[in-house]
Amino acid sequence: MIPKFPLDRVNWFTSSFLIVTFFTALIGVPIYVAHHGLDLFQVLLFIFFFIATGMSITLGYHRLFAHKAFQAGRGVKLTTLIFGAAAFEDSALDWASDHRQHHKHVDHEDDDPYSISRGFFWAHMGWIFFKLYPRPLANVADLKKDPLVMWQHRHHRPLGVLAGLALPAAIGWLYGGATSALGAFLISGIARLVCVQHCTFFINSLCHTIGKRPYDSGTSARDSWLMALFTFGEGYHNYHHSFQHDYRNGVKPWQWDPTKWAIWTLSKLGLATELRRVPEAKIVLAELREMKDRAEAQIENGKGWKIPSPNLEEAYATLLELSQQLAEGYHELEKAVGDRIKVSSAALSRWRQLGADVGDQILLLRTLQPGLA
Ligand SMILES: [Zn+2]
Ligand SMILES: [Zn+2]
């Protein structure tokens, strides 16, 4: 028997919008470019709208409204609310409600609205096609008190049409008449919104599937530098799920996180305040805990081995020794963090190095005897 498709639960308006914009971009843009070419104006306009609307989601919807990772004045709020609406990802209030629910119940099929445990496509965009549950919005009571957020919640669709479709078309018209207006509408309007949406969606799908978990392997969220490139730094998702209130997602100085740099710049201009940072010692503690668990699992794994080579025997003995040192270091740091004792950056570097050495040793063991790992 064919299971009955829940037609009554389909979100027809949103589903149609997603499908129509996707195919308009896929078909309309190549036809336009074939007929009229692609000039520098259209490319720059696309980049501007991609950054303005994409960062309104990452800096505004995500880090400012959903996580309160920093505070901002009316100017920053209004800008990110208007250009965030132009990404057509619902109102900031609804977005934040879903997102807080995702963090609270991550990987729990019934409560995480875009849980990866329901499959890649579901986490990516499948969940948007359906009316999952009436949003109680109880988890965004703080945002409901913000008149700007509520104003955008009431008007986000017309705002999105104006800022995300009419504005690029109008700029195109001013630049080069009707043909440029059509190009701007298709490229900086439709194709741009499809790109921004899928970049956001990839955080929920790809960043819960592919990448490393240096802070917590107990969650499906992963760090992916590749995704960070396309999402203004949101790809460091394992860190983010471990420390969701930190205004940084790429916490290392070399990690690509333009959203973090933009928030820092706003703070220097006096437009953002109360930037929240997790203390370095807590971050190192999470890294050590993760490495300690991995080393212990590897050692446990090796208990039943018949050690067939001196090389492997030596590598295993070294891992045992390093892991012992790591466990001691971990407990020492855990106590210091618990007692709020300041730890010097030299000591943190030493512990980090020890963690890295244990990681190298695990890798060496796996290289020497892959069948045993
Ligand atoms: Zn996530
Ligand atoms: Zn988040």
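## Helix H2

In this predicted model, helix H2 is largely enclosed by the rest of the structure, because 20 of its 27 residues are buried; a residue is called buried here if 20 or more other C-beta atoms lie within 10 Å of its own. The helix, which covers residues 40-66, bends by about 30° at Ser-56. Just after H2 comes Lys-68, whose phi is positive, at about 50°.

The domain assignment of the protein chain gives domain 1, with residues 7-273, and domain 2, with residues 280-372. The centres of domain 1 and domain 2, taken over C-alpha atoms, are separated by 38 Å, and six residues from domain 1 and four residues from domain 2 take part in the contact. On the side of domain 1 that touches domain 2, three residues are nonpolar, two are polar and one is charged.

## The largest nonpolar core

In soluble globular proteins, nonpolar side chains tend to be buried together. In this model the largest nonpolar core has 80 residues, and Ala-96 and Leu-288 are those with the most contacts inside this core. Helix H7, which covers residues 147-205, supplies the largest share of the core, with 15 residues, while domain 1 and domain 2 each provide at least three residues.

Which residues is Leu-288 in contact with, leaving aside its neighbours within four places in sequence? With those neighbours set aside, Leu-288 is in contact with Leu-326, Gly-329, Tyr-330, Leu-333, Trp-351 and Gly-355.

Methods:
Residues numbered from 1 in each chain as written. Chains lettered and ligands numbered in written order. Predicted model: local features only at pLDDT ≥ 70, side-chain atom pairs only at ≥ 80, totals over all residues. Domains from an automatic or database assignment. Contact = placed C-beta atoms within 7 Å. Nonpolar A, V, L, I, M, F, W, Y, C, P; charged D, E, K, R; others polar. Bend = angle between axes of the 7 residues up to and from the residue. Helix = DSSP H or I, 4+ residues; strand = E, 2+ residues; numbered from the N terminus. Buried ≥ 20, exposed ≤ 12 C-beta atoms within 10 Å, placed from the backbone. Core = buried A, V, L, I, M, F, W, Y, C linked by C-beta atoms within 7 Å.
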